[in-house]
Amino acid sequence: MAYIAGAYEHPTRDAGDKTLAQLQIESALGALADAGLSKSDVDGFFCGPDAPGTGPLSIADYMNLDLRHVDTTNTSGSSYVLHVAHAAQAIAAGKCNVALITLAGRPRADGRRKGAIVRNDSPAQPDYQWEQPFGMQILNMYGMTAMRHRALYGTTSEQLAWIRVAASEHAKHNELAMIRKPVTVEEVVQSPLVADPLRRLDCCITSDGGGAVIVTRPEIAKSLAMGRFRPCVRVKGSGERPQHQQGGYFEITESGAVVSGRTAFAEARVRPADIKYVSLYDSFTITVLIQLEDLGFCAKGQGGRFVMDGNLISGIGKLPFNTDGGGLCNNHPGARGGMTKIIEAVRQVRGEAHPAVQVPNCDLALVNAIGGQLGVRHASGTLILERE
Amino acid sequence: MTGRIPSDPQPTAETQPFWDAAREGRFLVKRCRACTKAHWYPRTHCPFCASADTEWTEASGGGTIYSYSVMRRAEPVYVMAYVTLDEGPTMMTNLVDCDPDALAVGARVRIVYKPSTGGFAMPMFSPVPEVRS
């Protein structure tokens, strides 16, 4: 088993003055400093396609890393959650001792402030001709997911709005959050429709920034934590699951989190009821609701009732989520939300979250990310983190 | 409602028969001769049993709305949808010639072809008026 020894969230939200490579190295050095390690300790490097260049090569060159293991698994926003699991596996197999995982993005500085992320779809994709001509976008894939959930289970716009309300109640304590003003259910359901039934405030923000985490061997993590008088964060379980259209027989209201969650819970030998805090990729409100159901925090179809009345708000509800304000309010670097989810979960398990949102005795946390798109193709990644 | 004009599908050797038939107003679905199951989107190898013995079969053109989403900020507004074909599989498409505020998951729809920018016949669907008894 491996441990997350360092975590760092880049403070910028608008990186007009920095290159992607700068954001990568600043994030990496931040996580190394947090761990009490230096760049020369890194022997494994994990990155996504946000790292410019061929796989890990340009950034490894730029940072002058001395590596013996790399992994560029790309499942879009969930990549970094899978990287933590893959790093733990590589460490257990003796392939590396100190794994650096980075993310950086600057879509705002690059002028895509409206959130229209440039897609890299190619006609060589076998699905291209059956989807792209019809105006497929991230928005309408999630819109169709929410519409079907509403049709099958009666989920209302007010219920989805509670997810945004909870995120905003957390973001008001985070001075780095892009949007700090709390919103009400009424404000969310009165915001304009963008892709029925999703409204503007059901959608996440787009920000510049980055983040990094360090995964390492138990003995290294324990000696580092002892020197810093803080608890260790153990990767107790993990799971991953790509999900797609299954030849045309699929249920878009069920995500890969069913399988990735089941795998992680079995490995960690814990149950959903044992989890004190969750970081869930909140690309849209519906993404959170479906992960809650599929991870087993409530029955399928009951997500709407589960999130109501502040149940996700720290200090009020039973299951605090995204206490930094999440991608809905705080930070969504490069539209790849998995990294920031890991970072806030590490803060919670260490007891280092903002005091106003710190979950008491947070000894077990879950991270889940959906990369790609609900509604068509995605990969879910789950981590269960334990304080030790 | 005037529809959004779809972009060209860029057919491949694997899919050319579909687009040729669509030009003639025939809607083809791939079915596996080995396991008899129809699939979407069309491909050479059956996604269920992996047999390469798949054939183009003419579909009825009828289906039901699996889900949909109205793109309110697009100009023109358009409706993204999944339609479950009577033959079994569910396909991504657009709902056209319809009132976006009068759609419902489960409603009956029928195929209608709309031209892409380059003149391909794109398979889309429009609601079937309910028969009142």
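## Close-up views of a two-chain predicted model

In chain A, A:I4 has A:V233 of β8(A) as its bridge partner. This is a predicted model, in which local features need pLDDT of at least 70, side-chain atom pairs count only at pLDDT 80 or more, and totals for chains, interfaces and linings use all residues. Residues are numbered from 1 along each chain as its sequence is written, while chains are lettered from A and ligands numbered from 1 in the order in which they are written.

**View 1. Strands β1 and β8 of chain A meet in the antiparallel sense.** Two bridges link β1(A), residues 3-9, with β8(A), residues 233-243. Strands here are DSSP runs of E with at least two residues, helices are runs of H or I with at least four residues, and both are numbered from the N terminus. Two strands count as paired if DSSP finds at least two bridges between them.

**View 2. An open sheet of nine strands runs through chain A.** Its order is β3-β2-β4-β7-β1-β8-β11-β10-β9, with mixed pairing. At the edges stand β3(A) (69-71) and β9(A) (277-280), each with a single partner strand, so one side of each has no neighbour in the sheet. From one strand to the next, the twist averages 20 degrees. Angles run from 0 to 180 degrees between N-to-C directions, and axes are lines fitted to C-alpha atoms, for helices over the stretch in contact.

**View 3. Strand β4 of chain A sits between two partners, β2(A) and β7(A).** Four bridges join β2(A) to β4(A) in parallel, and A:F45 stands opposite A:L100. On the β7(A) side there are eight bridges and the strands run antiparallel; here A:T102 faces A:A212. Eight of the eight residues of β4(A) are buried, so the strand is largely enclosed by the rest of the structure. A residue is buried if 20 or more other C-beta atoms lie within 10 Å of its own, exposed if 12 or fewer, and partly exposed in between, with C-beta atoms placed from the backbone. A:V98, A:L100, A:T102 and A:A104 point one way, and A:A99, A:I101, A:L103 and A:G105 point the other way.

**View 4. Helices α3 and α13 of chain A pack at about 60 degrees.** Their axes are 6 Å apart, with α3(A) spanning residues 79-92 and α13(A) residues 338-350. The two helices are therefore oblique to each other; angles under 35 degrees count as roughly parallel, over 145 as roughly antiparallel, 65 to 115 as roughly perpendicular and the rest as oblique. A:S79, A:Y80, A:V81 and A:V84 of α3(A) meet A:G338, A:M339 and A:I342 of α13(A), where contact requires C-beta atoms, placed from the backbone, to lie within 7 Å. That contact has five nonpolar, two polar and no charged residues. In this scheme, Ala, Val, Leu, Ile, Met, Phe, Trp, Tyr, Cys and Pro are nonpolar, Asp, Glu, Lys and Arg are charged, and the others, Gly among them, are polar.

**View 5. Helices α6 and α10 of chain A cross at roughly 100 degrees.** Their axes come within 9 Å, and the angle makes α6(A) roughly perpendicular to α10(A). On α6(A) the contact uses A:L160, A:I163 and A:R164, and on α10(A) it uses A:T285, A:I286, A:V288 and A:L289.

**View 6. Helix α5 of chain A gives six residues to the side that touches chain B, the largest share.** Overall, the contact takes 27 residues from chain A and 34 from chain B. The chain A residues divide into 16 nonpolar, seven polar and four charged. Within α5(A), 13 of the 16 residues are buried, so the helix is largely enclosed by the rest of the structure. After α5(A) comes A:G154, whose phi is positive, near 75 degrees.

**View 7. Chain B has an open, antiparallel sheet of three strands.** The order is β2-β1-β3, and five bridges join β1(B) (residues 28-32) to β3(B). B:L28 stands opposite B:E58 in β3(B).

Terms used
Contact = placed C-beta atoms within 7 Å.
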